[in-house]
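Hi everyone, thanks for making time this morning. I'd like to walk you through one structure, so let me put it up on the screen.

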Amino acid sequence: MLRLDQATPEQLREWQTALNEQYKSLQQAGLNLDLTRGKPSAEQLDLSNALDGILNGTYTDDSGTDLRNYGGLDGIPEAKQLFAQIIDVKPEEVMIGGNGSLTLMYFAVQTALQHGVADADSAWIKESAGASIKFLAPVPGYDRHFALCEHLGIELIPVTMNADGPDMDQVEQLVKADSSIKGIWCVPRFSNPTGTVYSEQVVQRIAKLGTIAGANFRVFWDNAYAVHTLQENATALPNLMDYCRAAGTEDSVYLFGSTSKITFAGAGVAFMASSPANLNVLKKHLSFNTIGPDKVNQLRHVKFLKDMGTLNQHMAKHAAIMQPRFNAVLTSLRTELGDSGMGSWTEPEGGYFVSFDSRPGLAREIVKMAAGAGVKLTPAGATFPYGNDPQDSNIRLAPTYPTVAEIEKAMAVFVLCVKLASINQALAA
Ligand code: PLP
């Protein structure tokens with residue numbers, strides 16, 4: 001194993017020559033591989049094909065309502081009952097949406113901006129009187145959260161992501177000092193991209209943010225990977241809503257989830273949860289947006305996923321498909337980069353990503369080099385607001401979509417590029 005800090009300049013030059021040769025031959029191999037797509041493979045999607053036809057001509061829910069018709073703005077009771085359990089809330093705290101939780105997040109942010117989190121006086125744009133409105137963004141994080149804010153003119157303030165969640169000293173200090181900070185993005189279990197699971201202490205402190213921030217502040221708790229474990233006994237997420245009840249802060253949180261990565265990514269069911277008071281406000285505004293969601297799809301999902309026992313068995317089938325793919329990434333990183341000092345990475349217990357950190361200043365170079373050898377990686381910087389990774393070191397690897405054979409080939413290129421870029425940098429120093 002090449003160890004960067006122990007190598008002499010002569011050794012480094014030798015390695016550089018050998019790696020350059022390998023890189024050239026990979027360039028000639030005409031590869032066309034892609035490690036960017038955080039979406040389920042066709043094999044995973046096939047697990048839910050029984051959704052099709054499951055209703056067998058019965059379109060009524062338990063109360064006899066014909067679900068093919070308009071209405072049912074906040075979802076059918078059976079769906080609330082089931083999805084409440086995924087995100088650890090009560091059914092009366094749930095509202096069901098369309099096929100994507102991102103739409104619900106956009107709707108919640110836009111409503112808060114324009115119409116308010118409660119009455120019209122609570123509209124963020126009104127309260128800010130033209131000054132900028134800000135959100136906290138634990139980094140590295142999910143690019144679409146950042147893009148959503150940028151699109152709506154909300155400024156993003158990066159905060160450090162620790163091994164147990166966001167740096168809460170930093171978060172509390174910022175929120176206390178600046179009342180124009182109106183929200184924080186959280187992906188609390190198997191976060192995108194680091195796979196972090198928020199600890200008990202962090203969850204408890206997040207629940208208390210409502211006591212130190214202004215009344216119009218909201219935590220955006222995007223539990224997109226709530227049940228997406230890669231192994232048995234994966235670290236559990238403490239219950240945010242229970243801590244909020246204890247602190248009297250139920251109004252300060254919006255929780256989100258969906259079945260995008262449980263059933264069909266493009267035809268699942270999304271849901272959100274909050275205090276009944278918050279839901280009433282959101283429902284009022286939602287009624288101008290739609291006459292009702294796709295309740296037939298809700299019922300199909302209830303019939304198919306049934307209960308948490310069945311749902312967890314279904315998720316174990318996803319894990320069985322995903323594990324070999326994650327193993328292919330991790331085996332390559334461990335055997336090729338091990339203790340080389342050329343980077344570090346996460347070994348997640350769930351979720352969709354492996355997060356890699358190169359030596360500072362190399363992520364862009366590595367992504368460019370890999371592209372030159374036919375391997376597409378998520379653009380460096382994508383995991384930071386404004387695409388700006390100040391260390392230029394984070395690269396998100398997404399192993400779910402390609403086959404194991406494709407991942408192995410792509411990872412061979414990736415580790416080679418990491419080595420070559422690291423050695424080039426060391427020799428240039
Ligand atoms: N939230 C996170 C953290 C994600 O990683 C993703 C998809 O990659 C989503 C939300 C999208 O969810 P949905 O399909 O429900 O809109």
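So, Pro140 sits in the loop between β3, residues 133-139, and α6. One thing to keep in mind as we go: this is a predicted model. What does the peptide bond from Val139 to Pro140 look like, cis or trans? Here it's cis, with omega near 0°. And there's another one to look at. Asn192 and Pro193 are also joined by a cis peptide bond, with omega at about 5°. If you want to find Pro193, go to the loop between β6, residues 181-186, and α8, residues 200-207. Just as a reminder, most peptide bonds are trans, and most residues other than glycine have a negative phi.

You'll find Ala129 in the loop between α5, residues 124-128, and β3. Then there's Asp392, again not a glycine, with a positive phi of about 45°. Asp392 belongs to the loop between β12, residues 375-376, and β13. Now, which of these is buried and which is exposed? Ala129 has 67% relative accessibility, and the cut-off for exposed is over 50%, so Ala129 counts as exposed. Asp392 comes in at 14%, and buried means under 20%, so Asp392 is buried.

If you zoom in on β11, residues 354-358, you can see four bridges joining it to β13. As a landmark there, Phe356 stands opposite Ile395 in β13.

How much space lies in the largest pocket? About 670 Å³. It's lined by 26 residues, and the closest to its centre are Gly38, Leu102, Tyr142, Arg144 and Lys261. The elements that give two or more residues to that lining are α4, residues 101-114, and α6, residues 143-151. The largest share comes from α4, with three residues.

Last stop: one glutamine I'd like you to look at. Gln298 is in helix α12, residues 295-305. Is its place buried or exposed? Its relative accessible area is 0%, so Gln298 is buried. And who does it touch, once you leave out residues up to four places away in sequence? Gln298 touches Gly75, Ile76, Ala79, Ile96, Gly97, Val269 and Pro293.

That's my tour. Happy to go back to any of these spots on the screen.

Notes: Residues are numbered from 1 along each chain as its sequence is written. This is a predicted model: local features need pLDDT of at least 70, side-chain atom pairs count only at pLDDT 80 or more; totals for chains, interfaces and linings use all residues. Side-chain values use heavy atoms; hydrogens and water are left out. On a 1 Å grid over the protein atoms alone, a cavity is a set of points where a 1.4 Å probe fits but cannot get out, and a pocket is an open set with protein on both sides within 12 Å along at least five of seven lines; lining residues have an atom within 4 Å of a point. Grid points are joined across faces, edges and corners, and a volume is the space filled by probe spheres set on the points. Two strands pair if DSSP finds at least two bridges between them. Buried means under 20% relative accessible area, exposed over 50%, partly exposed in between (1.4 Å probe, protein chains only). Contact means heavy atoms within 4.5 Å.
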